[in-house]
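This report describes charged contacts and a nonpolar area of surface in one protein. The sequence and the structure are shown first, and the description follows.

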Amino acid sequence: MHQNFNLIIEILGTISFAMSGAFAAMQKRFDPFGVLIISFVTAVGGGTVRDLLLDVPVFWMRDMVMCSVIFITCIVAMIFKSLESRFRVTLFLFDSFGLGLFTIVGIQKGMNADLHPIICITLGTITGCFGGIIRDILLNRIPLIFRKEIYATASIVGGTIFLLLVYHTRLSYTFVQISTILLIVLIRTLAVKYHWQMPKFYGVDNNSEA
């Protein structure tokens, strides 16, 4: 039961980040091959770094299901593009759900390896954030995680609550997974809506990039 649901989470996360990468690339008017590349690295970037750190086989190199999911998602995104006029909202939604889903995937990989809870949260944050970092670098823009928006913080808070609920309550494991994913999405949404920011230790520079 848990393994099947974990697979669903991983597939949904892959779809979310593949969509996020595809829409971001289409915003930059990339050709179809460029859209596919950006979609692919966004979907697998965080998981690849995680697996390399864990010294285990990289998940997508032995599982053509994930590669197929990314390819189909990218094609659907390019078809859907003709009907989609609100790129920014769509990109935000897919990116937020991808962050929540992959954060949980990364934490569970750390738990399965019997790692310290702090390391598990770190792996969750890496899994959730690094695909977006690679995407933004390839698109020649400052990665979202390094800008003013609450991003990695949402992953860390959600991951911490996930572990607390798993280890210190008797709630259903599936319920904890779903509620934590939704919590991360909620934090991201509220942060953008109400302009929550991390404290800064420097003044405003009018010449800096917005």
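## Salt bridges and a nonpolar patch

Arg135 has a relative accessible area of 2% and therefore counts as buried, since buried means under 20%. This value, like the others in this report, was computed from a predicted model.

Arg135 has a charged partner: the side chains of Arg135 and Asp136 meet in a salt bridge, with N and O 3.0 Å apart. Asp136 is itself buried, at 1% relative accessibility. Asp136 also forms a salt bridge with Arg141, where the closest N and O atoms are 2.9 Å apart. Arg141, by contrast, counts as partly exposed, because its relative accessibility of 22% lies between the limits of 20% and 50%. Together with Asp95, the residues Arg135, Asp136 and Arg141 are linked in a network of salt bridges.

A search of the whole structure finds four salt bridges. Three of them are listed below.

| Salt bridge | N to O distance |
|---|---|
| Arg50 and Asp51 | 3.0 Å |
| Arg135 and Asp136 | 3.0 Å |
| Arg141 and Asp136 | 2.9 Å |

In the pair Arg50 and Asp51, Arg50 is buried, with a relative accessible area of 1%. Asp51 is likewise buried, at 2% relative accessibility.

The surface also carries a nonpolar patch of about 540 Å², made by Phe71, Ile72, Ile75, Val76, Ile79 and Phe80. One of these residues, Val76, is found in helix H3, which covers residues 64-80. Val76 counts as partly exposed, at 40% relative accessibility.

Notes:
Residues numbered from 1 in each chain as written. Predicted model: local features only at pLDDT ≥ 70, side-chain atom pairs only at ≥ 80, totals over all residues. Heavy atoms only, no water. Patch = residues over 30% accessible without salt bridge, like charges linked within 9 Å, V, L, I, M, F, W, Y side chains within 5 Å. Areas by Shrake-Rupley, 256 points an atom, 1.4 Å probe, with all protein chains shown as cover. Helix = DSSP H or I, 4+ residues; strand = E, 2+ residues; numbered from the N terminus. Buried < 20%, exposed > 50% of the residue type's maximum accessible area, 1.4 Å probe, protein only.
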